[in-house]
Amino acid sequence: MGVGGALRGSAVRVSAASMARDQLVHAVLALWRTQVVLVFTFVMPLLWLLLLGLLAGNDAVGPDGVRVMQFATPTAIAMGTFFATLPPVAISVAEARETGVLKRLHGTPLPAWGYLVGRIGAALLFALGALLVTVLLSVLLYEVRLRTETLLAMAVTLVLGTTAFSAVGLAIGSLSRTASIAEAASIGSAVVLSFISGLFFVGATLPAWLDTVASVFPLKPYADALRDQFNPYLPGRGWDPAGLAVIAVWLVAGTVIGLGALRWERYRSRSAGPVQRQPVRPTPPGSSAPPSSLEARRTTDGQATRGRPRVRRPSALAVLAGQSRAALRGAARRPGDVFFSVVMPVGLFSLLVTVQPGDTLTDGRPAALVVGASMVTWGAGVALFMNLPEGVARARDTGLLKRMRGTPLPLPGYLAGRTVAGFVLTLVILTAILLLGAAAYGLRIGPAGLLLGLVVLLVGALSLAACGLLLTTLVPSARAVGTVGLAVLFLLSFFSDVFLIDGPDWMATVGSLFPLKHLQNGLAAAWEGAAAPVPWLDLLVLAVWATAAGALAIRRFRWQPATP
Amino acid sequence: MAAVEVHELRKSYGDLVVVNGVSFTVEAGEVFALLGPNGAGKTTTVEILEGHRRADSGTVSVLGFDPATHARAFLERIGIVLQDAGFEEDFTVLELVNLQRGLYPRRVPADALIETVGLTGKRKARVRTLSGGQRRRLDLALGLVGDPEMLFLDEPTTGFDPSARHRAWGLVEGLRDTGKTVLLTTHYLDEAEHLADRVAVMVEGRIVAVGTPAELTAGQRSVVISFRLPRGTPAAELPELGSMPVADGAGWTLSTAEPAAVLHALSGWALDRRIEIPALEVRRPSLEDAYLALVGSAAVEREDTAVRPGRA
């Protein structure tokens, strides 16, 4: 194989500009190929905007033709630009470090700034994309008006805000030991911040102390400024120096911490140095055993095979227990999964009960009970309809399933183990919410209600797991499974009394076709005890979904990834 | 001028001394192999030379630079093929080669490079679809894309099939012909024997031998005798052979400085018993034998405390 002439390099000057451009194009492509980012950046805010348009209508609020959506649009912009910058920067930096991409780059002439310009620039471009799409949609569809007098202040707010979010993302990415921690920390904090900054509520007021807490973080001043800049009834040019100052402080802090903690090598467990393996020593010739043991050595080897271990096939229960333990351990080691399936629903429960105007809803049921049922449903959905199928698809993608197929483990044993682990997680959520509800919000449920609730939750968990597995068989890669799962769950939640929204009747009708609504309704009815009849219909629908989806999933189950 | 000069290099992680006073020189245009068991400190040594890590003490010069300064001019003249550097899985071979190509002032044509490492059929394939060997070849391509004067290869052919391995060897030989300096670490002794002008054997943070493969094997004065025994003849019945035969696969191997005496004893014993000695072989020690002797004698002092495998 001749190398000589063909591989002789030609000399060129590498300009900083060309380097930055290459990195930027590359990073944009990288984000584009990560479908999750597209969901968070474009689909979520647009979905939110459309749903809000659907629910709130777009009536004129004043004689001058100003419409309701004039006040919802800035929130969607804030959401889109925020989710386009903070999580992607954090995740991409941590992922590049974890996969060794940063280590490779460290050995090339690319300076650190070149890499960061690419990554952060790409996130900013995506934010710009989210901004343009949202504005275009709201102007065309909802006749939202842009105010020329605040445009400058708005541009400054947008640039400063998204840069600050990117800097905070960089800090999170640099500090997180693994990509999955970065993912959980960034998306988790983004969701929490969105809630406490009032991005998901329109019209509802948060407790004053929560407002104060949120004002310390950059998202609330950012979203508030945008809202004011869109508000046609406010005078002035939309400048909010105090808010901008808070954002600027975060920009500086994020940059300092992010650059200070940035490292090119992956974090190692425990020891600071590289992994030390026990050296494998070959047997030195000449220093071997004495002559008499030559024969002995061979016979010892023979005896090892003669002294057979007792043969006993593990019982189904032992297999199930082993698989469940392994699946639970796996879940516990993915902080993102734990956050979204356990911490987030419990936190949301607390928040949503707090923002309810009274102790009871308009239909007279206790708010804590209904919200509790909703959040247990959401948590179960995340654990069993999103995390479970994503885990199975990941095992398929990485060849784990293929390996497993060569062992005596039966497929139902594996899948049942996963389902049990998901169910255990839902029980954790249930317990946390019930305890918190009883302690803080006067939630009282009788023993019969609790028992019936457990039955509903069990059947519901089975139906969600079955649907999740069906999802695995329909969608090619683990990443896509997670994304589709989250999108379906999020969308369906609006139709299923999970996010409490008084929508039109047709939404309830659509929701009643799917298991999520029946799990929520069934749980709420069970907990009400004597005040409500046994939710037979909900149980029936859940059981039908569990059977049908489960049978179909088993039929279509694939052990290997679809051939590329 | 020497391409690499290392003097009294030391590096510890906490209490663990990984590199313990290493000195060696690699001449420009030389292919130099660093051999040694896992955990010997090879990777740490090479990573210090690449500028990835800082030494605790000692002096290091690569192409006249101190790698620890991580100067851009230095990085533009070296190429690194690491064991554990990752790829962005969603990109194609061609995209990654082109991206990295843009970082160097001297650039190798992308298609010719991809052809050379044997990935032409995969140039538009995403990295996630590549096999382990194909990834390593991409790794090699990325290390070469800047037309480096000095190339670091960390176990470059691990996971290659035999034909890919010979291709890679041909590539490294081609590099030597163009005057590039290559420092490679490897577990494969035939690879070192085939490619390297000089070999250094590293054990427990120290270099225990340096020389050409021929010099290292010449240092072994003994000769290797191997044979099998007919079925039904236990090894315990072998006569006194001067040194101990060691089980080696289905047969026995011993190394001796007195081959005539051993052969005499062995054949006399066989004639007496009217048996034949199948697969009898007498050969000069290979680099592998030399290596095992070096690694073995360095490790022998710990042998007594270690649990010997196979005797549980």
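**Figure 1. Surroundings of A:Leu415 in a predicted model.** In this predicted model, A:Leu415 touches A:Leu469, A:Ile554 and A:Phe557, leaving out residues up to four places away in sequence, where contact means heavy atoms within 4.5 Å. A:Leu415 has its place in helix α16 (residues 411-440) of chain A; helices here are DSSP runs of H or I with at least four residues, strands are runs of E with at least two, and both are numbered from the N terminus. With 6% relative accessibility, A:Leu415 counts as buried, a label that stands for under 20% relative accessible area, with exposed meaning over 50% and partly exposed the range in between (1.4 Å probe, protein chains only). A:Leu469 is 54 residues from A:Leu415 along the chain, and the C-alpha atoms of the two are separated by 8.6 Å.

**Figure 2. The largest nonpolar core and A:Trp527.** A nonpolar core is a set of buried Ala, Val, Leu, Ile, Met, Phe, Trp, Tyr and Cys residues joined through side-chain atoms within 4.5 Å. The largest such core holds 127 residues, of which A:Met375, A:Trp378 and A:Trp527 touch the most other members. Helix α14 (residues 367-397) of chain A gives the most to this core, namely 19 residues, and at least three residues come from each of domain 1 (16-261) and domain 2 (318-556) of chain A. When neighbours within four places in sequence are left aside, the contacts of A:Trp527 include A:Leu369, A:Gly372, A:Ala373 and A:Val376, together with A:Leu430, A:Leu434, A:Ile445, A:Gly449 and A:Gly453. Another core, of 66 residues, lies apart from the largest one and has A:Leu170, B:Val93, B:Ile114 and B:Leu151 among its members.

Figure 3. Most residues other than glycine have a negative phi. A:Glu143, although not a glycine, has a positive phi of about 55°, and A:Asp497, likewise not a glycine, has a positive phi of about 60°. A:Glu143 lies in the loop between α5 (112-142) and α6 (151-175) of chain A and is partly exposed, with a relative accessible area of 48%. A:Asp497 is found in the loop between α18 (478-495) and α19 (505-511) of chain A and is partly exposed, with a relative accessible area of 29%.

Figure 4. Chain A is divided into domain 1 (16-261) and domain 2 (318-556), with bounds that come from an automatic or database domain assignment. The centres of these two domains of chain A, taken over C-alpha atoms, are separated by 30 Å, and 25 residues of domain 1 are in contact with 21 residues of domain 2. For chain B the assignment gives domain 1 (2-212) and domain 2 (221-284), whose C-alpha centres lie 42 Å apart.

**Figure 5. Chain B as a whole.** Chain B has 10 helices and 14 strands, and its C-alpha trace spans about 75 × 45 × 40 Å along its principal axes. Of the 312 residues in chain B, 53% are buried.

**Notes to all views.** Residues are numbered from 1 along each chain as its sequence is written, while chains are lettered from A and ligands numbered from 1 in the order in which they are written. For this predicted model, local features need pLDDT of at least 70 and side-chain atom pairs count only at pLDDT 80 or more, whereas totals for chains, interfaces and linings use all residues, and side-chain values use heavy atoms, with hydrogens and water left out.
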